[in-house]
Amino acid sequence: MSDLRKRLDNLSLEKRELLLQKLQTHKQISSTSDIDKVPPLIAVSREQTVPLSFAQQCLWFLDQLEGGSVNYNMATGVRLIGFLQVAALEQVIAEIVQRHEVLRTNFKTVNGTAVQVIAPSLTFTLPMLDLQALTAEEKSAEVQRLAREEAHRPFDLANDLLLRVSLMRLGADEHVLLLTMHHIVSDAWSIGIFVQELAILYKAFSCLEPSPLPELPIQYADFACWQHQWLQGKVRETQINYWKQKLTGSSPVLELPTDRPRPPIQTFQGDTQHFQIGLHLTQKLKTFSQESGATLFMTLLTVFAILLSRYSGMEDIAIGSPVANRNRLETESLIGFFVNTLVLRIDLSGKPRFPELLARVQQVALDAYAHQDLPFEQVVEALHPERNLSYNPLFQVMFNFEHNSAQTLDLPGLNVTSLAMENVTTKFDLTLSLTETDLELTGELEYNTDLFNPSTMSRLLEHFQTLLEGIVTNPHQPIFELPLLTTVERHQLLMEWNNTQVEYVFDRCIHQLFEAQVERTPKAVAVMFENQQLTYQQLNCRANQLAHHLQAIGVKSEVLVGICLERSLEMLVGLLAIFKAGGVYVPLDPDYPKERLAYILSDSQVSVLLTHKNIATALPENKARVVYLDTDSEVISQQSEQNPVSVVANKNLAYVIYTSGSTGMPKGVMIEHRGMLNHLYAKIWDLKLTETDAIAQTAPQSFDISVWQLLVGLLVGGRVEIFSNEIVHNPAKLLEQIEKQGISILEVVPSLLQMMLLEIESHNQERPHLSKLRWLILTGEALPPNLCDRWLNHYPTIPILNAYGPTECSDDVTHYPIYQPLGAETLNTPIGRAVANTQLYILNPQLQPVPIGVAGELYVGGAGVGRGYLNKPELTDQAFIPNVFGTEGTRLYKTGDKARYLNDGNIEFLGRIDYQVKIRGFRIELGEIEAVLAQHPDLRET
Ligand code: AMP
Ligand code: MG
């Protein structure tokens, strides 16, 4: 017994793993059927028809279906330098074919079922191609070409020898041996046996000695017969039940972020990247695993699961993992198709730390090993998962771990190296293979090239290594907080792409900047509406008079002033007057339903309200002191036309705009002067606005985009053209007016662009002239790429600016200029990069930055971040959180938008995390819809 103990202790961890697998299977056998019911695995008569093993049956079916597919060709090649005894080599291969029946087997249909047909013996000749006459370059090209051709030549399972060998002579002392087998007679382990036997036999035969290899006790056919006898009835049922229980409840499809849209039918174009995990880290991983009582395989698999979870944001991850499936001693020295794929479904929920997750993974794997006999295809068949042809069923990524498997061929007098074979196919989205050598871990990442770019895969491998480092350094960190990004990448995401600092002084407020502009261009037209207009001078005088009046009734900084007017010259006068008095404007759209106006008035408690007499009569009751711009005009016009003096600083509030709220009630967003000005300047810089520009004011005053549309022109000496709702809602009129009024800057929401395009496209003769238009700005919701492209096809010289940003951050925080059509492959129009003095962070729920390409939630920091929600401190605290990446005391706004970084630093908008929706650019939350439906049950039906 103690001897056994010692032997156990001396086993390598991987051997122990194998032993454990076997013990588990053993336990499984003894628990499901009595051990004495397991039939002996012995040689059976070849008189009877020999069935295909279950795994072979599946491949055979696939082959029938796909008609000689090359997907299951297993190709290898070696380069042999030195003196090669070709005759001995031929003899060796013939001997291997003679030893292993499976290499002399074909698969034929007899009475409707496939059976194994074994040739008792056959003559093997080694084909040789002489390439000696070629130049060195030609040789290497020819070798690659032939290797590719060999690997891609289909096998006829019924008639061909399913092992194909060919030798190429490159010189007297240089040969390349190509070896291709069909998977139905082989697997990775088998190739190991092949190579091993080849070495032993070559050594013997080249010295004219007989084969030293012992007779094989059984053949693959015996295993197939045994399997049919054993894996049936109760044993089979138990295994099926196990997998059903593990994998139903829909083992989820792994949604890895791809570089290109996933094709509707899975494709198999692939490529491979090679990597090494340095000696030092390998050693640390080994030690760590030993100390955790885990094998290196388990540790690496667990890390891979974390990586996939961090990439997909999913916590239920299924990974395929091959098992040798040679649980009986007799099968270990056989060539043949034994390997099976197990689906390891890993639960990462509950924020585990690494050791806990490792324990979960170990359990999952051990349970799976205990039920490893049922071929994967039968598991699929039993589960019949909902078929989606764009994915591999049950799992989409594979993890492979081998111990020292780099089979080195040790041939006397020959130096043998494996031939680098380009792999151009892949069965899965990703296959990560790691091999433990005596020194370090080496790895390969095979990936689907229709889904992923090489750069994305190199990054993924870097992240895998960063995770490995992080885990051995601090295994007790919660898995979602483990570092993922390299230092360089972290710097790029957090610093470089956020380096938007633009120096300018915010020591003055908007009205002061406007006053300076009045000095420069007093006679220029500042604003137009229908057939009325005001010059800078006139606008300033009228605003000054009203401002003095407002000051007289107590308006000063931080005092909220409601303004309920139709969009008009007067409204702009009103806004400027409120600013000049130092106050804060709160827009109330007279077209709004009475209840909403009542809510805003009571929630904001505005102390002063600017309106018209006829509008006021329709307004709900309120406590504000009302200033009627029409009937009070005489009093107001008595006031001074001089610029008033007020004490207001850029950190004071500029406006409060009510926007949707999840509670069903709108909430007031408080924006300060500095945020508003920062946005105005971002527009001035990015659109290069000057006094020659005419900006269309199209948006209702309750919509944040109205702010810059109304005000930006006044900072550059340009003209604001206020368009009535009637024009804005009529695309034909709008297009006509844009031309008539010489508009250079127009902003619309995508739904309006859609209508404009229909109008434009209805003019089959000549599209409307828009001779002054310089920019078309799209905002408010996702811009469908095809709208964008249609516009640019009609107006190639009028670029689009996709502008994104929430009301809470003073409107837009990103700009994406588009000069060329995006093309049909573009799934989402990017929203671009951060505007001036703005920082953007795409984070996971643990507030860790996610890598490029991976989806996370978008957070905004910097000058535009608003003060919060009026009178709603809890809501404010939820949405405006301390900025963990910025200076102390600054805050980040949590947008609720899902986004990801593209390679070039532009951001792609991926939709909402919550239930907020947009209708014609207007924000609406689920709570509001529910509130409306509660009041209007009649709407429910539609
Ligand atoms: P609002 O506060 O009305 O400006 O709405 C802001 C929200 O509208 C954002 O959080 C996004 O969900 C959406 N949004 C605004 N602009 C865009 C855009 N250009 N692309 C995609 N979504 C946008
Ligand atoms: Mg916005």
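**Figure 1. Pro322 and Thr341 face each other across a strand pair.** In this predicted model, Pro322 stands opposite Thr341 in E10. Strand E9 (residues 316-323) and E10 run antiparallel and are joined by eight bridges. Strands (E, at least two residues) and helices (H or I, at least four) are DSSP runs, numbered from the N terminus, and two strands count as paired if DSSP finds at least two bridges between them. Strands of a sheet pair through backbone hydrogen bonds, either parallel or antiparallel.

**Figure 2. An open sheet of three strands.** The order is E1-E4-E3, with antiparallel pairing. Strand E1 (50-51) and strand E3 (105-110) are the edges, and each pairs on one side only. Two bridges join E1 to strand E4 (residues 113-118). Val50 has Gln116 in E4 as its bridge partner.

**Figure 3. The shell of residues around ligand 1.** Of the 17 residues around ligand 1, those that come nearest are Ala803, Thr807, Asp897, Lys918 and Arg923; a residue is near if one of its heavy atoms lies within 4 Å. The shell holds seven nonpolar, four polar and six charged residues, where Ala, Val, Leu, Ile, Met, Phe, Trp, Tyr, Cys and Pro count as nonpolar, Asp, Glu, Lys and Arg as charged, and the others, Gly among them, as polar. Strand E27 (800-804) and strand E35 (907-912) each supply at least two shell residues, and the largest share, three residues, comes from E27.

**Figure 4. Polar contacts of ligand 1.** A polar side-chain atom of Asn802 lies 3.0 Å from a nitrogen atom of ligand 1. A polar backbone atom of Gly780 is 3.2 Å from a nitrogen atom of the ligand. For a backbone N or O atom of Glu781, the distance to a ligand nitrogen atom is 3.4 Å. A polar contact is a pair of N or O atoms within 3.5 Å. The protein covers 97% of the 490 Å² of accessible area that ligand 1 has on its own, by the Shrake-Rupley method with a 1.4 Å probe.

**Notes.** Residues are numbered from 1 along each chain as its sequence is written, and chains are lettered from A and ligands numbered from 1 in the order in which they are written. Local features need pLDDT of at least 70 and side-chain atom pairs count only at pLDDT 80 or more, while totals for chains, interfaces and linings use all residues; side-chain values use heavy atoms, with hydrogens and water left out.

How values were computed:
A polar contact is a pair of N or O atoms within 3.5 Å; within protein, one must be able to donate a hydrogen and the other to accept it, and residues adjacent in sequence count only if both atoms are side-chain atoms.
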